[in-house]
Amino acid sequence: MPKSRPSTKTRSRTVKKRSRSRRLGESAYGLLLVARTGLMGALALLLLVAGVWTSWNTAQYAMLVQARERGTMTVADCRDNRCTGPYTPSEGAGRHRSRVSIAAATAPAKGEQVEVTVKPGTTHAVRTGAGGILHAWVPFAGSLLLAALVVAGGMKLRRTAWVMGLMGAVLLGATFAAL
């Protein structure tokens, strides 16, 4: 014997409506979830922008070397995270300098030469080539790692966080291998 369906009148009476306070509470909770996700997204974006901004201060000289003063530096002395030495221009546009400095992390051993570009108006040099470019983007790699934690924990986007974290780790590893 087939079961008969209750009439629409009977069905509408069996459905209970939630109270106004419960609906308001659920709406407030949903609003908090959206606010948390938006705040964490803004924080992750801030971290990434800060990483790019910091990296670009050095990367522009390492990457865009056509219009800059290029040459080689012979490492003579290293102290306080800076290595110094004489600079010889590779093209006619630059001038010889008795002393320029480079970050110690990018410098080879004493007595060795490294290709650099000199920041305009200063005695600071930036390493060029793959090693210099990768080293310039290390702050961005760090910001990728930090933003991955924010994306995973605050936004609950685990796959996106894994991709960001792996990209940051690969960039750091490539920099280590290049230098």
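Buried means under 20% relative accessible area, exposed over 50%, and partly exposed in between (1.4 Å probe, protein chains only). The model is predicted: local features need pLDDT of at least 70, side-chain atom pairs count only at pLDDT 80 or more, and totals for chains, interfaces and linings use all residues. Residues are numbered from 1 along each chain as its sequence is written, and side-chain values use heavy atoms, with hydrogens and water left out.

**Exercise 1. Describe the aromatic pairs.**

Step 1. Apply the rule. Rings of Phe, Tyr and Trp (its six-membered ring) pair if their centres lie within 6.5 Å; planes under 30 degrees apart are stacked, over 60 edge-to-face, the rest tilted. The count is two aromatic pairs.

Step 2. Take Trp56 and Trp137. Their ring centres are 6.4 Å apart and their planes are at 45°, so this pair is tilted.

Step 3. Locate both partners. Trp56 lies in α2 and Trp137 in the loop between α3 (129–136) and α4 (138–154), so the pair ties together parts 81 residues apart in sequence.

Step 4. Take Trp137 and Phe140. This pair is edge-to-face, with 6.0 Å centre to centre and 80° between the planes.

Step 5. Join the rings. Trp56, Trp137 and Phe140 form one aromatic cluster.

**Exercise 2. Find the salt bridges and classify their residues.**

Step 1. Use the cut-off: a side-chain nitrogen of Lys or Arg within 4 Å of a carboxyl oxygen of Asp or Glu. The structure holds three salt bridges.

Step 2. Glu26 and Arg18 meet at 2.4 Å, N to O. Glu26 is partly exposed at 35%, and Arg18 is partly exposed at 42%.

Step 3. Arg97 bridges to Glu69, with the closest N and O atoms 2.8 Å apart. Arg97 is in strand β4 and Glu69 in strand β1 (residues 69–74), so placed that the pair links distant parts of the chain, 28 residues apart. Arg97 is buried at 14%; Glu69 is buried at 18%.

Step 4. Arg79 bridges to Asp77, with the closest N and O atoms 3.2 Å apart. Arg79 is exposed at 60%, whereas Asp77 is partly exposed at 23%.

How values were computed
Helices (H or I, at least four residues) and strands (E, at least two) are DSSP runs, numbered from the N terminus.
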